[in-house]
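Please keep the structure in view while reading.

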Amino acid sequence: MRHWLMKTEPGEFSLDDLKRRPGRTAGWDGVRNYEARNHMRDGMRLGDRILVYHSSVKVPAAVGTAIIVREAHPDASAWDPASPYHDPRSTPKRPVWLMVEIRFESEFARPVTLAEMRAMPGLKDMPLLRRGMRLSVQPVKPEEFAIIARLGGRAAE
DNA sequence: GCCAACGTTGGC
DNA sequence: GCCAACGTTGGC
């Protein structure tokens, strides 16, 4: 089992939104970056654990966890002209963009802020902490996942 | 194929 | 709101 971090702007879609969905699941559509797509396609497998991270907010933070419940499949929003994620290069015959489906697992007792992560020696190699890192789907080491889960007030398992 | 210009991301 | 960093685009 691998571990990942997925960014989302809570104004668009938050961990709370995920929790309120029927079945507490959601398709993670709208990823329009090749490296992120390739992580979903080549790396993510059923049961992998996700850190859900809220970006573009006053206090950016990891707020909880989720699990992959469906592996990469075509992202239909790409060929929907009405979607903000529309990309005419992608068609049902030749999909360019992919999505996974995730299910809510836990909400941290308290958010683990970016500043807090920067202060933890055990997290210093996380891509998230690198200057200018914008990748919205990133691999996370099991140790890093455990540290963050513990900071958030949740047993690491 | 190079690379400058441009648009976007996202912390601060 | 600023702006650094990055990915993408398009002229050549």
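Which residue in β6 is the bridge partner of Trp4? The bridge partner of Trp4 in β6 is Pro139. This is a predicted model, in which local features need pLDDT of at least 70 and side-chain atom pairs count only at pLDDT 80 or more, while totals for chains, interfaces and linings use all residues. Residues are numbered from 1 along each chain as its sequence is written, chains are lettered from A and ligands numbered from 1 in the order written, and side-chain values use heavy atoms, without hydrogens and water.

**Sheet**
- An open sheet of mixed pairing is formed by 6 strands in the order β2-β5-β4-β3-β1-β6; strands are DSSP runs of E of at least two residues, helices runs of H or I of at least four, numbered from the N terminus, and two strands pair if DSSP finds at least two bridges between them.
- The edge strands, β2 (25-27) and β6 (137-140), each pair on one side only.
- β1 pairs with β6 in the antiparallel sense over 4 bridges, and His3 stands opposite Val140 in β6.
- β1 and β3 run parallel and are joined by 6 bridges; Thr8 stands opposite His54 in β3.

**Burial of β1**
- In β1, 6 of 6 residues are buried, where buried means under 20% relative accessible area, exposed over 50% and partly exposed in between (1.4 Å probe, protein chains only).
- His3, Leu5 and Lys7 are buried on one face of β1, and Trp4, Met6 and Thr8 on the other.

**Nonpolar cores**
- A nonpolar core is a set of buried Ala, Val, Leu, Ile, Met, Phe, Trp, Tyr and Cys residues joined through side-chain atoms within 4.5 Å.
- The largest core has 21 residues, of which Met6, Leu18, Met44, Ile50, Val100 and Ile102 touch the most other members.
- At least two residues of this core come from each of β1 (3-8), α1 (15-20), α2 (34-43), β3 (49-54), β4 (61-74) and β5 (98-113).
- Another core, of 18 residues, lies apart from it and includes Val112, Leu114, Met126 and Phe145.

**Largest pocket**
- A pocket is an open set of points on a 1 Å grid over the protein atoms alone, where a 1.4 Å probe fits, with protein on both sides within 12 Å along at least five of seven lines; lining residues have an atom within 4 Å of a point.
- The lining comprises 18 residues, and Lys7, Thr8, Trp28, Asp29 and Tyr85 lie nearest the centre of the pocket.
- β1 and β2 each supply at least two residues of the lining.
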